[in-house]
Amino acid sequence: MEDRKAAGPSRAARQGRWWRLRQRWRMVGVFEINPEHEFYQLTSMIKEGMHSSIQTTMDTSGQDTPAAEQFAAEETQTHEGFQMQTFAASVFAQQRRSLDITEEEYMNSLCSDQCYLQFVSNSKSKADFFVTNDKRFFLKTQSKREVSFLLSNLQAYMAHLEKYPHSLMVKFLGVHRIVIPNQIKKYFIVMQSLFYPDDRINIRYDIKGCEVGRWSNPDTGGKQIIKVLKDNNFEGQTIAFGQEKSWFAHQVKVDAAFLQELNVLDYSLLLAQQPLHRDELDGKHSLANLVIRTTKSLDLDDSPTGSDPPTVPLLKETLGEEGSVQPQAAAGEGIPLQEIGCPEKETRSDSELQEFHEHHRRLLPNCKNSNHVIDGPEQRYFVGIIDIFTVYGWKKRLENMWKSLRYPGRAFSTVSPAKYSRRFCQWIQDHSQ
């Protein structure tokens, strides 16, 4: 017995300590909204309202392309003590389907018995941020103006994502309003979390492509908050995308051009990174992994008929150094269809490949949040464009004039959408490799 004690803690004790460390790391930057929390009543009502709203879309057969009137649809459901309004429900249900999020898993995440988490960071936003307990979805309170802007441009937003399904734009999954009589009226938006899963993320940045006010003290002062660093904190570093660099720079340019058309500025590139493990590096080129990634990237039919056998045209090709699809296979990326028992059907293969190019797709990684994950040679990057509600109106024009006098010759965020877009894209070009 004494020898056993001298040998150190038992396996169960070590596992328990490791579990407690993981739980502590998991709760960095968030607080559980338990019954004693000020937002517990609100989030409990949100869960109840969301459950009914999602159930409605589950009971309604969805269309691939929502009709025009569905973009302006509103539905109000009355519950005990509050009302929940849902906007453009069928449009956002279609958006979730396009991201391979089933209504069941959406409901299970948003309406589970587990408490929401309150997200705490050094953000200057006055909005409240809630996170589902599994950290897969964000809920953010928004102003009436911001929600009106999104809904008025929802058709354009959805058309952009349909044309560029691998866009880096934040993915909105629902817009709602909760009304508690004589207490509060709040609009909130449900979004896919860019940083999912976040278990191994070790650093986060918010990038605008300018310098004034773009430094954040990384010291947390011992507080359990997540410090999101900024442009000036990133100075001297690069994003090592490898062969994905060209694709990424082009997609940022496409997304920024879309926001410029909407007269929007002050958006950010949210960036996080974590080192790839050896098994992840080795698994990138496995046959099974490539089949899954190709199917995910091309939206191939899940259940092809016997007369229409599955084809995986990208397995004959590999992403080249310039981000385009190259016919030469390398390092196991290009696997002839015959070797995996998939008969090649030329017409379907050609059309899928043409669609792949036209819609600027890439070979997505095999993970839940694949649209916002890019694997470089040694790092996994989580990337997305957020905060797209600031319009260049007269207030921002006056702010631009004042800042031009206050910071002559320096780069600040409040500039015309055209200048903001150019500078944003140039920052990406200068800091990627």
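**Reading helix packing and burial in a predicted model**

Mentor: The chain has 13 helices and 15 strands, where helices (H or I, at least four residues) and strands (E, at least two) are DSSP runs numbered from the N terminus. This is a predicted model, in which local features need pLDDT of at least 70 and side-chain atom pairs count only at pLDDT 80 or more, while totals for chains, interfaces and linings use all residues. Residues are numbered from 1 along each chain as its sequence is written, and side-chain values use heavy atoms, with hydrogens and water left out.

Trainee: Why are α8 and α13 called roughly antiparallel?

Mentor: The axes of α8 (residues 245-261) and α13 (residues 417-431) cross at roughly 170° and come within 9 Å. Axes are lines fitted to C-alpha atoms, for helices over the stretch in contact, and angles run from 0 to 180 degrees between N-to-C directions. Angles under 35 degrees count as roughly parallel, over 145 as roughly antiparallel, 65 to 115 as roughly perpendicular and the rest as oblique, and therefore α8 and α13 are roughly antiparallel.

Trainee: What makes α4 roughly parallel to α7?

Mentor: Helix α4 (residues 89-98) and helix α7 (residues 154-163) pack at an angle of about 15°, with their axes 12 Å apart, and that angle makes the two roughly parallel. Their contact (heavy atoms within 4.5 Å) is made by Val 91, Phe 92, Gln 94 and Gln 95 of α4 with Leu 154, Tyr 157, Met 158 and Leu 161 of α7.

Trainee: How do you know that the buried residues of α7 line one face of the helix?

Mentor: In α7, Leu 154, Tyr 157, Met 158, His 160 and Leu 161 are buried. Seen down the axis of α7, they fall within an arc of 155°, so they line one face; the arc is that of the directions from the helix axis to the C-beta atoms. Their cover includes α4, α6 (144-152), β7 (172-180) and α8.

Trainee: Why is Lys 135 called buried, and why does Asn 182 count as exposed?

Mentor: Buried means under 20% relative accessible area, exposed over 50% and partly exposed in between (1.4 Å probe, protein chains only). Lys 135, in the loop between β5 (129-131) and β6 (137-142), has a relative accessible area of 9% and is therefore buried. Asn 182, in the loop between β7 and β8, has 86% relative accessibility and so counts as exposed. Lys 135 has a positive phi of about 65° although it is not a glycine, and Asn 182 likewise has a positive phi of about 65° without being a glycine.
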